[in-house]
Structures are given as C-alpha cells and as structure tokens.
Amino acid sequence: MNAIAPQVSSVSALPSAEELNRALRDASPAEIIAAALKTVGRDKLALVSSFGTESATLLKVMADVDPAIPVIFLDTGWLFEETLAYRDTLIETLGLKDVRSIKPAEEALSREDPERELWFSDPDACCRIRKVEPLARALKPFDAWLNGRKRFQGNARADIPVVEDDGARLKFNPFANVSREELEAIFVRAKLPRHPLAASGFRSVGCMPCTSRTAEGEDERAGRWRGRAKTECGIHTMKTS
C-alpha cells in the first residue's frame, strides 16, 4: 500500500471515538491505521510500541501504510538488552522513519527510586514514573495514538473497542479483532524477525525485573508481574491526557 498523504485537522473538528468505532469496528488493521492517519494527519498521530514479542506485526502494517508515522518507544531503564537490539533491527527491517525513544525524567527517578528497588516494593509507582508519565509527556503534541492491544489477550483487554476516547485524544486499537493465527500469518508472510527472547519461552516481554517465561498452557501475559494482582502497567488503564 502506498503512503497516504497526511491531512490537517483540528481537535475540535475530529469525529467522536464512538462514531469512528462504529465505522471501523469490522475494518482491517491497515484500514484502521489509514483512517486514523486521514482523521488527524501524520503530524498528529503516533504509534506506541514496546518492541515486544508481537510488536513487529503492527509495525509492519503501519509501515505499509506510512513508515513515517512517529513511533514512541518507552525506554524505561529496565528493558532487556535484547529488546533494545530488536528495536534497532525492526527500524532497519521495516524502514521506520521516526522512532522516538523516550526515557523517564531523571528527577523523578532520583526522587522516587534512588535505589532502583521500586519495581519490587511498589510496581505501580515504578510503572508510573517509567512509563505512564513519560508517555503522557511524549503524546502531548498528538491528537491520536495507535497501540497493539488485542482482545484475545484477555483480562482488561477482552472488550476493547477499535477506537476509544483517551481524554484529549483518540486511541486506535487496530489489532483489537485480530486473532493469534492472524498475527502468526503476518509474521510468516512478511518473514518478520522474531524477538530474541521469544525462542526461550518469553511470550510477552516488558521490563526485566517484572518479566518471566510463560509455561505451556498459561495465558501469554502470565509472565508479566508474576505472583501479583497487577496485569497492566497503567498506560492503558488511565487517561494519558
């Protein structure tokens, strides 16, 4: 698919999330991304990616629509080296033009986590200063964002719409309706490289201290914050606006 020329729009002129969700609820991921691009324009649209085990699929679909859409990557300071290397691999493989690696505020780290033990004592606070707050800052210039959540991942993601209201901006979930089988088909068809940790049992990869391998038969996100009630970092459970 050829890149789509961005269109300029103002926040006040944007259609509602409900209206967009009705129009796009049965659309393909590429159609959803193209609609998001047409709705707000390239300068006001960002894709947020963890460069995790499934991230290549959404990034591939986005790159086929427009590889210059800004991509926000939250470099928390606790990521696996393999994830950082995978980010660089996918940038080159997919020809991504604008990947922005965002780090936590140094003053927040010094104030709230000087010993780097917050992940253990208060993982919600750790996610807040390393992911939620940096993402909120990074999204300020944008009117809409794309992410890779899927309904088949379960828990809080089981009923996500294709488009939702995220306060001051629209939030598009292009892969909401996609199945595991469809994801695998994208990997195979496009010959996408796999995350280096996927072969050793990591089905979902986040920060190193809070990520473990997933056993056969477990939910794919069972290795995230294992042994805790926590299932989300916070960027999808609170408004970023």
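Let's start with a charge over a ring. The charged end of Arg-116 sits over the ring of Trp-78, 3.9 Å from the ring centre. Keep in mind that this is a predicted model. There is another such case: Arg-194 lies over the face of Phe-187, and here the distance to the ring centre is 4.2 Å.

Now ring against ring. How many aromatic pairs does a search of the whole structure find? Three. I'll take two of them.

One is Phe-80 with Phe-202. Their ring centres are 5.8 Å apart and their planes stand at 65°, so this pair is edge-to-face. Where do the partners sit? Phe-80 is in the loop between β2 (71-74) and α4 (81-94), and Phe-202 is in the segment after α8 (180-190), so the pair ties together parts 122 residues apart in sequence. Phe-80 and Phe-202 are both buried.

Next, Trp-119 and Phe-120. The centres are 5.7 Å apart and the planes at 70°, so this pair is edge-to-face too. Trp-119 is partly exposed, because its relative accessible area is 24%, between the 20% and 50% cut-offs. Phe-120 is exposed, at 56%.

On to the nonpolar core. In soluble globular proteins, nonpolar side chains tend to be buried together. The largest core here has 49 residues. The members touching the most others are Leu-24, Ile-33, Leu-45, Leu-59, Val-163, Leu-170 and Phe-172. Helix α2, residues 29-40, gives the most to this core: eight residues.

Take Leu-45. Beyond its neighbours within four places in sequence, its contacts include Ala-36, Leu-37, Val-40, Ile-69, Phe-142 and Trp-145.

Definitions and conventions. Residues numbered from 1 in each chain as written. Predicted model: local features only at pLDDT ≥ 70, side-chain atom pairs only at ≥ 80, totals over all residues. Heavy atoms only, no water. Core = buried A, V, L, I, M, F, W, Y, C linked by side-chain atoms within 4.5 Å. Buried < 20%, exposed > 50% of the residue type's maximum accessible area, 1.4 Å probe, protein only. Helix = DSSP H or I, 4+ residues; strand = E, 2+ residues; numbered from the N terminus. Contact = heavy atoms within 4.5 Å. Phe/Tyr/Trp six-rings, centres within 6.5 Å; stacked < 30°, edge-to-face > 60°. Lys NZ or Arg CZ within 6 Å of the ring centre and 35° of its normal.
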